[in-house]
Each structure stands twice: as C-alpha cells, then as structure tokens.
Amino acid sequence: MSDTHAESALATAFVRREMLPEKDPPVAEKGVIKWLRENLFSSVANTILTLVSIYVIYWLLSHVLGWMVNGIWDAGSLSECREIRDARYGEGVEVACWAVLTDRWDQLMFGFYPSELYWRPVLALVLFLGAIAPVLYDGLPRKLLAFTAMSPFVLYWLLWGGTIWGPLAVAVGFVVGWVAFRFLTPIIGNLGGTIAAIVVPILYWFFAAGPLAGALGAIAPIGIEFVPSDDFGGFMLAFVIGIAGIILSLPLGIVLALGRQSDLFIINKFSVIFIEVIRGVPLIVWLFTASLLLNYFLPPGSNFDLMLRVIIMVTLFASAYIAEVVRGGLAALPRGQYEGADSLGLDYWQSMRLIILPQALKISIPGIVSTFIGLFKDTTLVVFIGLLDPIGFSNAIRASTDWNGVYWELFIFIGLCFFIACYSMSRYSQYLERKLRTDHR
C-alpha cells in the first residue's frame with residue numbers, strides 16, 4: 001500500500017524545467033523605505049524618539065533658518081545693518097548681520113598682519129598642504145618627503161620674514177646632530193651616540209647658530225620684510241600654534257613613551273616626572289607660566305618671543321598626553337612581538353622602528369587624533385594671556401562702536417571654522433584606521 005502511494009506521489013510530482021523571471025524585492029525591503037524602517041522606525045521606542053527628534057529639528061530650523069538665510073551681508077556697522085533690515089523686512093524682524101564678517105574678514109583671518117603681505121601666509125598654507133600630503137597619503141612619491149623635511153624652515157621664513165640665514169642656521173643644527181650620532185655611535189655606543197645627537201645640536205643652537213646667522217647675514221643680506229609676532233592674530237595665530245604643536249608634540253611624545261618604558265633608571269624617572277608634572281597642571285596655568293614667569297629664568301636682557309614660548313608650552317603639554325596614548329599602544333602589543341624582534345637580531349632602535357612602533361602607533365591612532373583635536377581647540381586659551389586669536393578678535397570687534405552688540409554671527413562663524421578643521425582631522429583618522437585595518441579583520 002505504501003509503495004503504491006509513493007509511486008503515485010512520484011508520478012504526480014512537478015519539477016519546473018525553466019527559470020522564473022527575476023522579480024523586484026517587496027517595496028518594504030528595498031531603498032529608502034527599508035532604510036527608514038530599519039534605522040528610524042525599527043521599534044516603538046525608536047519611532048517615538050524619531051518623531052521627537054524631527055519635531056526638535058523642525059522647531060530649531062523654523063526659528064534659526066530664516067534668521068540665517070535672510071541675513072544681511074553688505075553694511076558698514078550694526079546700525080546700518082538694522083536700517084537695511086527695517087527697509088527690507090520691516091521693523092523688529094530678527095535677521096543675522098553677516099556684514100560683520102565681510103567688514104572684519106581680514107582681522108579675523110590675519111589679525112594685524114600687514115595687508116600688503118597677505119600673500120605670505122596664504123602661500124605658507126599652500127606649501128604646508130603640499131608638504132603634509134606625502135605624510136598623509138602614501139600614494140605620492142616618497143621623494144616629496146625631502147620637501148616635507150624642509151618645509152618648517154621655509155614656512156617660518158615666509159611667516160615671520162627677516163634674514164634667510166636664521167632658519168638655515170637652525171636647520172644646520174639637525175645636520176650636526178645626525179653627524180654626531182653617525183660618527184660617535186661606533187665609538188661610545190648607541191646610548192652615548194643618542195645623547196650626543198641631542199646635546200651637540202642644543203649646544204650649537206645656543207652658542208653657534210646666532211653668530212653664524214649674523215655673520216652670513218653681514219656677508220650676504222638676503223631676506224624679506226620682518227613681521228613681529230605681535231602682528232599675528234585671528235585664525236592664522238590659531239593655525240600656527242595648533243599646527244606647530246601637533247607636528248612637534250608627536251615625535252616628542254613618542255620619545256617620552258619609549259623613555260617611560262626604558263630600563264635605564266634616569267631616563268625612566270625623568271620621563272615619568274615630566275609626564276606626570278605636565279599632565280597634573282591645567283594648560284592655562286602653563287600658558288600663564290610662559291607669559292609671565294618664564295622670563296624670570298632667562299638671562300637678563302633676553303627677549304624671548306611670547307608666541308614662541310606659547311608654542312613650546314603647548315608642545316610640551318600635548319607631548320605628555322601623546323606619550324601616555326603611545327604607551328597604551330606599546331602595552332597592548334603581545335610580548336611575542338618584542339621577542340620576535342630580539343630573535344631577528346635587531347638592536348633596540350631597529351626593533352622599535354621596524355616592528356614595535358608601527359603596530360603601537362596603529363593601535364594608538366584614535367587617541368592621538370583625539371589629543372590633536374583637543375590641542376587645536378585649546379589654542380583659544382591664548383586669549384587669556386593677551387594673544388588675539390579668533391575669540392580675542394571677536395571681543396575686540398564687539399568692543400568697537402560700529403559692531404557693539406553683535407554676538408551670534410561671530411561665534412557661529414568661529415565655531416564653524418573650528419568644526420571644519422576638527423571634523424577633517426577626525427575623518428582622516430577614520431580613513432587611516434580603515435586603511436590600516438586596526439581591528440585586525
């Protein structure tokens with residue numbers, strides 16, 4: 001009976017011999033509807049939060065969008081801006097007075113920098129972008145790194161001006177350090193060569209660089225108009241301090257992180273004390289120290305530039321935090337990586353350069369970029385020691401009779417500029433993480 005039933009079922013079975021035409025997925029499973037259903041209305045709680053968020057966004061835009069879009073861009077003062085507003089929209093209508101940005105654009109960007117020399121900071125910015133490109137993107141020719149190495153001296157000369165021999169004399173100090181390391185290491189060992197590579201250039205910069213630059217300047221006075229640091233201001237000041245602090249703090253922070261993990265007692269304790277003391281005091285205190293107290297420790301009659309002092313303090317402050325971030329990356333590496341480097345017969349610096357640091361820095365990318373973003377935003381603290389960064393200039397602009405009463409327009413513009421800079425750094429770090437695959441996928 002069962003065999004008869006099975007044969008009957010087999011005889012009536014149907015197997016399709018041709019492929020069915022493809023059909024589109026259901027409407028709810030594709031496109032915008034699918035994205036909305038999965039991301040905004042996936043549950044009751046998600047739906048409520050989405051509706052509340054939409055209402056909040058609508059409320060903000062309904063109150064702010066008209067104020068911003070209908071803003072006035074062409075006026076010479078706030079009173080003139082209000083007259084144009086009354087004539088255009090009626091008395092009492094709230095609209096933004098963006099004319100303060102067009103009227104004080106030069107001050108917000110360049111401070112008191114001479115207007116006929118604006119081309120120099122603009123050219124310096126273009127050269128900086130060209131110099132940092134080979135570092136950020138490895139698809140560019142490696143030979144461009146030579147220009148990257150020279151760019152700090154070229155940018156300094158462009159921004160401050162003066163004789164060309166000063167930056168060249170400072171650059172020679174690095175060559176002196178390399179020569180000391182190259183020829184003294186076979187004689188006194190790696191540690192002695194490293195110490196000589198640090199001490200010899202410092203002695204050269206203190207005692208020989210100035211007289212050398214002066215002598216060369218007397219023989220061939222080549223230079224451009226000098227601009228004092230007091231004329232720097234606005235976003236140019238924030239970028240100079242922020243970029244200098246970021247570039248200088250990274251190598252110093254790596255050295256401090258290695259020093260903190262060193263087995264050498266003096267180097268280890270010096271690194272620990274430096275990091276803990278710097279991190280234990282707020283940045284604003286160090287800025288006041290650079291502004292008021294540092295001159296007491298300098299020889300009488302010496303005039304150490306305030307902006308240079310601020311750059312040094314910001315660099316030391318950021319390097320202490322970078323050191324701890326890099327130390328976390330070093331601690332995250334398994335012991336086998338160090339043992340593998342030893343098994344290959346590499347010395348300390350070779351193992352650090354070729355095996356340990358590339359992995360540690362790859363792990364530390366989020367923390368390093370977060371420190372850089374915080375450092376760039378902290379440049380606004382220099383307003384408390386008398387430097388006119390964008391915040392300082394906004395106060396000065398609002399103190400003038402023409403623009404007394406303007407608040408939101410200046411702060412929105414300054415905040416937008418800082419957001420663009422910080423968001424760009426954040427996006428680049430995400431690109432770098434995806435490229436290096438830090439999660440070991």
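How far apart are the end C-alpha atoms of helix H14 (residues 306–332), and what span should its 27 residues have at 1.5 Å a residue?

## Helix H14

In this predicted model, the end C-alpha atoms of H14 are 39 Å apart, which agrees with the 39 Å that its 27 residues should span at 1.5 Å a residue. At the start of H14, the backbone nitrogen of Met 307 has a side-chain oxygen of Asp 305 within 3.0 Å.

## Helix H16

Helix H16 (residues 348–378) spans only 36 Å between its end C-alpha atoms, whereas a straight helix of 31 residues would span 45 Å. H16 has a kink of about 60° at Ser 364, shortly before the proline Pro 366.

The N-terminal end of H16 is capped by Asp 347, with a side-chain oxygen 3.4 Å from the backbone nitrogen of Trp 349.

## H16 against H18

H16 packs with helix H18 (residues 408–436) at an angle of about 175°, and their axes are 10 Å apart. The two helices, H16 and H18, are therefore roughly antiparallel to each other. By class, their contact has twelve nonpolar, two polar and three charged residues.

On the H16 side, the contact residues include Pro 366, Val 369, Phe 372 and Lys 377. Among those they meet in H18 are Phe 418, Met 425, Ser 429 and Glu 433.

Terms used:
Residues numbered from 1 in each chain as written. Predicted model: local features only at pLDDT ≥ 70, side-chain atom pairs only at ≥ 80, totals over all residues. Heavy atoms only, no water. Helix = DSSP H or I, 4+ residues; strand = E, 2+ residues; numbered from the N terminus. Expected span 1.5 Å × (residues − 1). Bend = angle between axes of the 7 residues up to and from the residue. Polar contact = N/O pair within 3.5 Å; in protein donor to acceptor, adjacent residues only side chain to side chain. Axes fitted to C-alpha atoms, helices over the stretch in contact; angles between N-to-C directions. Parallel < 35°, antiparallel > 145°, perpendicular 65-115°, else oblique. Contact = heavy atoms within 4.5 Å. Nonpolar A, V, L, I, M, F, W, Y, C, P; charged D, E, K, R; others polar.
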